[in-house]
Amino acid sequence: MTTSVVPEPESGTTDDLRVWPASTGRLAHGGLTVAGVELAEVAERFGTPVYVLDEGEVRGRCRTYRDAFPDADVLYAAKAFLSRAMVRWVQEEGLGLDVCSAGELELAVTAGFPPERIVLHGNAKSPRDLGSALRLGVGRIVIDGPSEIARIAAAVGPDDRQKVMVRVVPGVSAGGHDKIRTGTDGQKFGLSLTDGSALRAVARVLAQPQLELTGLHCHIGSQITEAEPYLTALRRMVALLARIRDEHGRVLPELDMGGGHGIAYRPGEPALDVPALARRLRSGLAEACAAAGLPVPRLAVEPGRAVVGPAAVAVYRVLAVKHTGDTLFVAVDGGMSDNPRPALYGVRYAPRLIGRAGAAAPRPATVVGRHCEAGDVLAAGVELPGDVRPGDLVAVPVAGAYQLSMASGYNMVGRPPVVAVHEGTTRLLVRRETLADLRRRDVGA
């Protein structure tokens, strides 16, 4: 498809495409293309709501990380979004995987991902989670609490060893919302540095011959857009590595600094500079280890949202338009069942009309979903053309992370499909969940 030449708008206007995939193109009639495919055509062919995932954008973001961290392990955080195609793209681009359930782990391994390049997380790992990890030969299990130590050791058996890490809470507050800040005491993840529980857990792991402690792990939060919190956490982790050496005579070879790398959801918002973060982590790690007299451990990072978030667009069909007082409500055929993030975290998006050019001036609008909740709001106080009407298409960029992966069956509307676009072609990755699928699960009478 040939994209008509359309002048770029001024930065910050309602037509600003900075947070869209880099392959996004404009059409003269008001439509948009991603990877050479018109979004309106995807909606017509596959129905709405639909997630459109740009394969080239995903691969490009994987390469950005590999280039920024050439001597580190980059593990894609599967919880952001996982499918068999995503597994293949991540593997082909040289990344590892971080998973947090038997479901994610088994999907990855059955799709051909090497289990030794997978790390298993979770604050409450089930017997099935641990059983699958040990049976499939997962590379690392991150110990999140004291009770896991004996459980894992007993499950390993007397003649085998499992590589593990200990998740440490370094006492660093960072993240875009209090529900996604995981680096301080008082939340469910990890073992505290300040109360000594992390060091006690290390001692218990070292006493288990079935467990091989390879290093420490921390994850301080999500949607972090500056390097300083990571550097603070890094220095505290290196201090703990030095204390482990001094008290136990063990020099641990690995340090996983987690993920949480922030992205922009709307034009003008900040995003973490990945190459700059990599430079500062490398230099900070070298300096801290030199001061402590430690060899530099192998670094690992775990980006999820920053890889897949900006690579997808959610496309909805407008079902109803209603003026209530001074508010223009634009109701679409999806909502909190396919994107609960606005209700959970107050996340704000920048939706826009696609498929046609609006003939009226923009006006403030609130885009809402179809579900029976007053909190089913996808985007409040955004600008849309004043002539938006039922049947129009509305697209929401930066839709790749924590939307479909957190989707629910609320109101039994079914979860949307995922369609990959690449070099002018489309391919269905995940089919739409149908009413027949929902009925099949109900086996009672």
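Which residues are exposed on the other side of α6? The answer is Ser-147 and Ala-154, where exposed means over 50% relative accessible area, buried under 20% and partly exposed in between (1.4 Å probe, protein chains only). The model is predicted; local features need pLDDT of at least 70, side-chain atom pairs count only at pLDDT 80 or more, and totals for chains, interfaces and linings use all residues. Residues are numbered from 1 along each chain as its sequence is written, and side-chain values use heavy atoms, with hydrogens and water left out.

The protein chain holds 12 helices and 21 strands. Helices (H or I, at least four residues) and strands (E, at least two) are DSSP runs, numbered from the N terminus. The radius of gyration is 23 Å, close to the 22 Å that the globule rule gives for 445 residues, so the chain is as compact as a globular protein of that length. This radius is taken over C-alpha atoms, and the rule is 2.2 Å times the number of residues to the power 0.38. The C-alpha trace spans about 70 × 60 × 45 Å along its principal axes. Of the 445 residues, 53% count as buried. Among contacts (heavy atoms within 4.5 Å) with a separation of 6 or more, 68% join residues 24 or more positions apart.

The chain exposes about 18,700 Å², and carbon and sulfur atoms supply 51% of that area. Areas come from the Shrake-Rupley method with a 1.4 Å probe; for residues, only the protein chains shown count as cover. The mean positions of the 51 positive and 50 negative charges are 3 Å apart. Lys and Arg count as positive, Asp and Glu as negative; His and the chain ends are not counted. Each charge is placed at NZ of Lys, CZ of Arg, CG of Asp or CD of Glu.

Helix α6 (residues 146-156) buries Glu-148, Ile-149, Ile-152, Ala-153 and Val-156. Viewed down the axis of α6, these residues fall within an arc of 125°, so they line one face of the helix. The arc is that of the directions from the helix axis to the C-beta atoms. An α-helix has 3.6 residues a turn, so residues three or four places apart point the same way. The buried residues of α6 pack against α5 (127-136), β8 (140-143), β9 (162-169), α7 (197-206) and β11 (211-217). Gly-157 follows α6, with a positive phi near 95°.

In α5, the buried residues include Asp-129, Leu-130, Ser-132 and Ala-133. They cover an arc of only 160° around the axis, which puts them on the same side of α5. The face turned away from that side carries the exposed residues Pro-127, Arg-128 and Arg-135. The buried residues of α5 pack against α4 (102-110), β7 (118-120), β8 and α6. Just after α5, Gly-137 has a positive phi of about 80°.

Ala-78 sits in the loop between β5 (73-77) and α3 (84-92). Ala-78 is buried, with a relative accessible area of 1%. Residues up to four places away in sequence aside, Ala-78 touches Leu-97, Asp-98, Val-99 and Glu-104. The C-alpha atoms of Ala-78 and Leu-97 are separated by 6.6 Å, at 19 residues apart along the chain.

Most residues other than glycine have a negative phi, and most peptide bonds are trans. The bond from Thr-48 to Pro-49 is cis, with omega near -10°. Asn-411 has a positive phi near 60° and is partly exposed, with a relative accessible area of 36%. Glu-423 has a positive phi of about 50°. Glu-423 lies in the loop between β20 and β21 (425-430) and is exposed, at 68% relative accessible area.
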